[in-house]
Amino acid sequence: MGLSAKNLARAYKTGLWEEKCIFRDVSFELKPGKTFGLMGPSGEGKSTLGRIIAGLEKPTEGTVCFNGKPLSGMKKTEYAAFRRSVQMMFQDPTEAFNPRKRIEQSIFEVLNLLKTPETEHALRTKKMLETVGLSEELLFRYPSQLSGGQLQRLVLGRILLLEPEYIVLDEPTSALDVSVQAQILHLLKRVQAEQKIGYLLISHDEAVVHFMADSYGILKKGQLNITGA
């Protein structure tokens with residue numbers, strides 16, 4: 001089953017009659033507990049492809065299928081379930097939190113959306129923090145008081161509250177210091193092993209992709225060339 005891209009294309013209008021095709025005929029599959037790495041030069045549409053896979057953008061052509069069903073044919077309830085099951089982790093963690101709210105407030109907002117009883121908020125939050133290796137005292141701080149590594153761990157933790165099946169990782173460590181990058185990558189691998197989450201890892205860093213990915217492809221000149229593990 002899984003999450004798959006079938007013959008995806010994305011084009012933008014550059015004039016009244018002209019279009020520019022970023023990529024075309026892109027196909028690959030994500031599997032539970034596995035990582036597919038997506039590499040390629042800047043400007044080739046890697047992040048756009050990731051947003052299409054996560055349901056945040058629509059392709060010009062082709063189909064994204066979740067558990068064998070095209071997104072375009074889903075009912076509202078089915079699509080809502082897909083959007084919870086497939087999450088996206090962006091490059092800059094500082095943009096993921098409201099700067100005017102304490103971390104605790106941002107976490108509780110997610111639990112409220114999930115209709116988690118307030119009596120369970122503290123326990124769910126504590127377990128989440130343990131999973132991503134953070135202390136509870138961070139809950140009372142504002143985002144500006146935390147490091148990029150701490151914020152990216154919190155981004156992952158907030159995503160994990162939704163119990164996703166797949167996460168699109170869009171350059172998840174490129175905005176962090178080198179020493180912190182390694183910590184986040186090891187955390188992602190541990191979470192994947194424990195929870196069997198499938199990853200689409202978008203990165204320009206070949207070493208990161210080789211460390212994380214079970215298979216990978218290179219998006220270049222509008223085509224995806226899957227080169228294996």
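Let me start with two helices. The axes of helix α3, residues 103–113, and helix α5, residues 148–160, come within 11 Å of each other and cross at roughly 20 degrees. An axis here is a line fitted to C-alpha atoms, for helices over the stretch in contact, and angles run from 0 to 180 degrees between N-to-C directions. Helices are DSSP runs of H or I with at least four residues, strands are runs of E with at least two, and both are numbered from the N terminus. The angle therefore makes α3 roughly parallel to α5; angles under 35 degrees count as roughly parallel, over 145 as roughly antiparallel, 65 to 115 as roughly perpendicular and the rest as oblique.

This is a predicted model, in which local features need pLDDT of at least 70 and side-chain atom pairs count only at pLDDT 80 or more, while totals for chains, interfaces and linings use all residues. Residues are numbered from 1 along each chain as its sequence is written, and side-chain values use heavy atoms, with hydrogens and water left out.

Which residues make the contact? From α3 they are Ile103, Ser106, Ile107 and Val110, and from α5 they are Leu151, Leu154 and Arg158, with contact meaning heavy atoms within 4.5 Å. Five of these residues are nonpolar, one is polar and one is charged. In that scheme Ala, Val, Leu, Ile, Met, Phe, Trp, Tyr, Cys and Pro count as nonpolar, Asp, Glu, Lys and Arg as charged, and the others, Gly among them, as polar.

Next, the cysteines. A disulfide is a pair of cysteine sulfur atoms within 2.5 Å, and by this rule the count is zero. Cys21 is partly exposed, at 31% relative accessibility, whereas Cys65 is buried, at 7%. Buried means under 20% relative accessible area, exposed over 50%, and partly exposed in between, with a 1.4 Å probe and protein chains only.

Last, two backbone angles. Asn7 is not a glycine, yet its phi is positive, near 55 degrees. Asn7 lies in strand β1, residues 3–13, and is partly exposed, with a relative accessible area of 43%. Lys196, also not a glycine, has a positive phi of about 60 degrees. Where does Lys196 lie? Lys196 is in the loop between α6 (178–195) and β8 (198–202), and is exposed, with a relative accessible area of 54%.
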